[in-house]
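Let's take a look at a strand and its partners, and then at a pair of packed helices. Have the sequence and the model open as you read.

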Amino acid sequence: IIQLAAKIREANRAKLAQQAPKSNPVTGSNRPLIMARPGQPAIQQYFNGNSKEQPATNGTSKPVDEKPADEESKKGRFGWFNIEKTFLPYIFRYTTEKFTSVRMVERKLLNRYLQVLPQEVNSCTSIRSYYLTDSESKLLNEINLKHTDCTFGKEAFTSKDLIVRLKDAKEFHRFLDLCHKKLVLKKSNATDRCGFF
């Protein structure tokens, strides 16, 4: 398991290294996105107990112009997605890219994996996280208060909270679910994405 986790970790690092010099996949330009600052926990650090590994940063200390990023949040536009009969909201950045709150995903989906999966499984992923803008935090607070009756906690969302791409959150959940089935439940079937031999 440790060797498999190390292989996955190296593959993810290589993948991120290849993407770094390219243009931004969300915007299609070289304009940087606002990412989590050092000290702020990312989604994979949820399992690590906020270990020393830091989330990615945009490499600048100057604030980045974020007006186009949260234009849809200013309009109040959001949607819902479903994972294992659990509905969670997503918001839009750059008009079409879907993002979801790290806190919401942690509370509703990842809690059940926290105690049962080995530490090596939790530390072999790398998911970029981004800070919320003021408009996005207001929208998430409205969703939490008016649409879910504070299901995601009574603490308000602020610009210090994080979001991740929806597709990354779904893939991370699939990975943890597969690890849970293989390592904890000891189940296997022909459609599994990996196996042991």
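Start with T100: its bridge partner in β5 is V164. β3 and strand β5 (residues 162-165) run antiparallel and are joined by three bridges; strands count as paired if DSSP finds at least two bridges between them. On another pairing, I91 stands opposite F99 in β3. Here are the two pairings of β3 side by side:

| Pair | Sense | Bridges |
|---|---|---|
| β3 and β5 | antiparallel | three bridges |
| β2 and β3 | antiparallel | three bridges |

β2 and β3 also make a hairpin, with three residues between them, and Y94 in that turn has a positive phi of about 55°. Is β3 (residues 97-101) mostly covered or mostly open? Mostly covered: four of its five residues are buried, meaning under 20% relative accessible area with a 1.4 Å probe, protein chains only.

A quick word on the model: it's a predicted one, where local features need pLDDT of at least 70, side-chain atom pairs count only at pLDDT 80 or more, and totals for chains, interfaces and linings use all residues. Residues are numbered from 1 along each chain as its sequence is written, and side-chain values use heavy atoms, with hydrogens and water left out.

Now for the helices. α4 (residues 102-114) and α7 (residues 166-184) pack at about 20°, with their axes 10 Å apart. That makes α4 roughly parallel to α7 (angles under 35 degrees count as such). The contact's residues divide into seven nonpolar, two polar and two charged.

Key: Axes are lines fitted to C-alpha atoms, for helices over the stretch in contact, and angles run from 0 to 180 degrees between N-to-C directions. Angles under 35 degrees count as roughly parallel, over 145 as roughly antiparallel, 65 to 115 as roughly perpendicular and the rest as oblique. Ala, Val, Leu, Ile, Met, Phe, Trp, Tyr, Cys and Pro count as nonpolar, Asp, Glu, Lys and Arg as charged, and the others, Gly among them, as polar. Buried means under 20% relative accessible area, exposed over 50%, partly exposed in between (1.4 Å probe, protein chains only).
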